[in-house]
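Let's walk through this one together, starting with the overall picture and then zooming in on a few spots. Have the viewer open as you read.

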Amino acid sequence: MRRCFGKGEKMKISDIIQSGKPCLSFEVFPPKTWDNVEKVKAACSAIAELKPDYMSVTYGAGGGTREYTADIASFLLEKGVTPLAHLSCVYSDREGIHAQLAELKGRGIENILALRGDLPKEGLHGDYKYASDLAADIAAFGGFCIGGACYPESHPESPNSAFDIDMLKLKADSGCEFFTTQMFFDNNILYNFLFRLLRAGVNVPVVAGIMPVTNVRQIKRICSISGTALPQRFCRIMDRFADDPVALRQAGIAYATEQIIDLYANGVQAVHVYCMNQPDIARSIHNNISGIIKREPV
Ligand code: FAD
């Protein structure tokens, strides 16, 4: 299996993940306004130079930045990195989604992370109720490798973990060829989740989502909403360095590196780093594991 390093090359993420080599990817988010496009592109270029196996581009909650997702994904393709464009459906009708699929296809983007998006306060707007509805529609449209989101600690709306796993099975049956996890800070939670998926007969590869923490207040807020557990060891490290940005950054990267090494050592094939458009974080992680993923440090 050849990796996608040359300009303009395309690959399906399901093939990359199953190539048998440790897979490393990074996530970026598009700008909210046009004046920030160049800044985001500069960050993307710097991260692309690390030659990750692929890079994902998020989709603005409510679809507010939808055109920038496609723009940034195309930009990554030009830089020789396989892009994964996120697409959420909670505000969309079928016609709008089909127009976006046609645009992504026209731009040569062939990987989509099919998402529902967070529910608006006023309730559902569009034609789709769940990500599985969107995945099925993309599969019917044809020509894309489709991924979906998963939650090792269950999605906050799920009544219990068994229901959550059943809904993931539905998502896989609807066309998702891989799942990317919500961030987690205790690898045992992921291993337990992978076991439960297998027991339920869900054989779709899972990409482990890792967040190097550089802002304690922000991470505590996000985790309290998403229900992500913060292990005592993690909290002690974060609290100790919360007021020292340089120390916190080092500690956050070291913690994430340790998690990633443990994941690869235990047979996890693919790790996705939520590097929040920060090339130095992506570079540090890349260099810390360059021997493991068999790439030159940069
Ligand atoms: P779904 O898979 O539809 O699940 C939502 C809930 O509905 C779950 O509780 C599930 O168990 C339940 N459910 C699913 N199907 C059924 C059914 N048939 N019947 C009953 N219940 C059902 N948000 C963005 O806005 N933009 C992004 O770019 C983005 N990227 C993300 C990337 C990752 C890796 C992750 C983990 C999340 C991302 N999100 C993003 C957040 C995501 O949109 C929210 O977590 C959202 O609340 C759920 O989206 P989903 O695709 O998992 O939904």
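Two residues are in contact when heavy atoms of theirs lie within 4.5 Å. By that rule, 80% of the chain's contacts with a separation of 6 or more link residues 24 or more positions apart. Before going further, keep in mind that this is a predicted model: local features need pLDDT of at least 70, side-chain atom pairs count only at pLDDT 80 or more, and totals for chains, interfaces and linings use all residues. Numbering runs from 1 along each chain as its sequence is written, and side-chain values use heavy atoms, with hydrogens and water left out.

Now for the overall build. The chain has eleven helices and eight strands; these are DSSP runs numbered from the N terminus, with helices being H or I of at least four residues and strands being E of at least two. Its C-alpha trace spans about 50 × 45 × 40 Å along the principal axes. The radius of gyration, taken over C-alpha atoms, can be held against a globule rule of 2.2 Å times the number of residues to the power 0.38. For 298 residues a compact globule would come out near 19 Å, and the chain's 18 Å agrees with that.

How much of the chain is buried? Here buried means under 20% relative accessible area, exposed means over 50%, and partly exposed is in between (1.4 Å probe, protein chains only). Buried residues account for 52% of the 298. The accessible surface is about 13,500 Å², and carbon and sulfur atoms hold 52% of that surface; the areas come from the Shrake-Rupley method with a 1.4 Å probe, and for residues only the protein chains shown count as cover.

What covers them? After helix 5 comes G142, with a positive phi near 90°.

With a relative accessible area of 37%, R94 is partly exposed. Setting aside neighbours within four places in sequence, R94 is in contact with D127, Y128 and D137. R94 and L134 are 40 residues apart along the chain, and their C-alpha atoms are separated by 9.0 Å.

What about the cysteines? A disulfide is a covalent bond between the sulfur atoms of two cysteines, and the cut-off used here is a pair of cysteine sulfur atoms within 2.5 Å. The structure has zero disulfides. For C44, the nearest cysteine sulfur belongs to C275, 8.7 Å away. C44 counts as buried because its relative accessibility is 0%. C223 is in no disulfide either, as the nearest cysteine sulfur, that of C235, is 8.9 Å away. At 2% relative accessible area, C223 is buried.

Finally, which backbone angles deserve a look? K51 has a positive phi near 55° despite being a residue other than glycine. You'll find K51 in the loop between helix 2 (37-48) and strand 2 (54-57), and its 43% relative accessibility makes K51 partly exposed. K294 is not a glycine, yet its phi is positive at about 60°. K294 lies in the segment after helix 11 (279-288), and K294 is exposed, with a relative accessible area of 69%.
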